Amino acid sequence: QVQLVESGGGLVQAGGSLRLSCAASGRTFSNYAMGWFRQAPGKEREFVASITWTGANTYYADSVKGRFTISRDSAKNTMYLQMNILKPEDTAVYYCAADLNIFSSNWYYWGQGTQVTVAS
């Protein structure tokens, strides 16, 4: 059974930092692109960042560019999202996802999500 499990969420003051992790199990994700998405209350889920299976290419939403960094450790089947200079508008449930196609409009595997709350 394939599982993506996020961790690292929590409550942080504006301007602070958090590091999210996404651990994959059940199969190797070395050939899969991985990504982070988020959903704020009352809003649609939105793309945050993604990374190719080699780690050579990364993509970011404009709202997080320069503040968030996505990375992966294929040997550990784990992906990370370093979030700096957090803002109250970053408050959301953050989900990790995996797909063979980094440009997929419907990512195949999803985690359960981890809550990030940024206090002003």
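Colleague: Let me start with isoleucine 85. Where is the place of isoleucine 85?

Modeller: Isoleucine 85 sits in the loop between S8 and S9. Keep in mind that this is a predicted model.

Colleague: What is the phi of isoleucine 85?

Modeller: The general idea comes before the case. Most residues other than glycine have a negative phi. Isoleucine 85 has a phi near 50°, a positive value, and isoleucine 85 is not glycine.

Colleague: Is isoleucine 85 buried, partly exposed or exposed?

Modeller: Buried means under 20% relative accessible area, and exposed means over 50%. Isoleucine 85 has 48%, so it counts as partly exposed.

Colleague: Which other residue other than glycine has a positive phi near 50°?

Modeller: Asparagine 77 has such a phi. The loop between S7 and S8 holds asparagine 77. Its relative accessibility is 17%, so asparagine 77 counts as buried.

Colleague: Back to isoleucine 85. Which side chain has a polar atom 2.9 Å from the backbone oxygen of isoleucine 85?

Modeller: That side chain belongs to arginine 67. Look for arginine 67 in the loop between strand S6 (58–60) and S7.

Colleague: Is arginine 67 buried or exposed?

Modeller: Buried, because its relative accessible area is 8%.

Colleague: Which residues does arginine 67 touch, not counting those up to four places away in sequence?

Modeller: Go through them in sequence order. Arginine 67 touches Gln82, Met83, Asn84, Ile85, Leu86, Lys87 and Asp90.

Colleague: Met83 is on that list. What does methionine 83 touch, with residues up to four places away in sequence not counted?

Modeller: Methionine 83 touches Gly16, Ser17, Leu18, Leu20, Arg67, Phe68, Tyr94 and Val116.

Colleague: Now the cores. Which residues touch the most other members of the largest nonpolar core?

Modeller: A core is read as a set of buried nonpolar residues joined through side-chain atoms within 4.5 Å. The largest one here has 29 residues. Leu4, Trp36, Leu81, Met83 and Tyr94 touch the most other members.

Colleague: Which elements give two or more residues to this core?

Modeller: They are S3, strand S4 (33–39), strand S5 (46–51), S7, strand S8 (78–83), S9 and strand S11 (114–119). There is also a second, separate core of five residues. Ala33, Phe37, Ala97 and Trp107 are among them.

Colleague: How many bridges pair S1 and S3?

Modeller: Five, in the antiparallel sense. Glutamine 3 is opposite serine 25 in S3.

Colleague: Which residues of S1 are on the covered face, and which on the uncovered one?

Modeller: Leu4 and Glu6 are on the covered face. Gln3, Val5 and Ser7 are on the uncovered one.

Colleague: How many disulfides does a search of the whole structure find?

Modeller: A disulfide is a covalent bond between the sulfur atoms of two cysteines. The search finds one. It joins cysteine 22 to cysteine 96, with 2.1 Å from S to S. Cysteine 22 belongs to strand S3 (residues 18–25) and cysteine 96 to strand S9 (residues 92–99), so the link ties together parts 74 residues apart in sequence.

Colleague: Is the link of cysteine 22 and cysteine 96 right-handed or left-handed?

Modeller: Right-handed, with 55° about the S-S bond. Cysteine 22 has 0% relative accessibility and counts as buried. Cysteine 96 is also buried, at 0%.

Colleague: One last residue. Which side chain makes a polar contact of 2.6 Å with that of glutamate 46?

Modeller: The side chain of arginine 38 does. Glutamate 46 is in strand S5. Its relative accessibility is 35%, so glutamate 46 counts as partly exposed. Setting aside neighbours within four places in sequence, glutamate 46 is in contact with Phe37 and Arg38.

Terms used: Residues numbered from 1 in each chain as written. Predicted model: local features only at pLDDT ≥ 70, side-chain atom pairs only at ≥ 80, totals over all residues. Heavy atoms only, no water. Disulfide = S-S within 2.5 Å. Helix = DSSP H or I, 4+ residues; strand = E, 2+ residues; numbered from the N terminus. Buried < 20%, exposed > 50% of the residue type's maximum accessible area, 1.4 Å probe, protein only. Pairing = 2+ DSSP bridges. Contact = heavy atoms within 4.5 Å. Polar contact = N/O pair within 3.5 Å; in protein donor to acceptor, adjacent residues only side chain to side chain.
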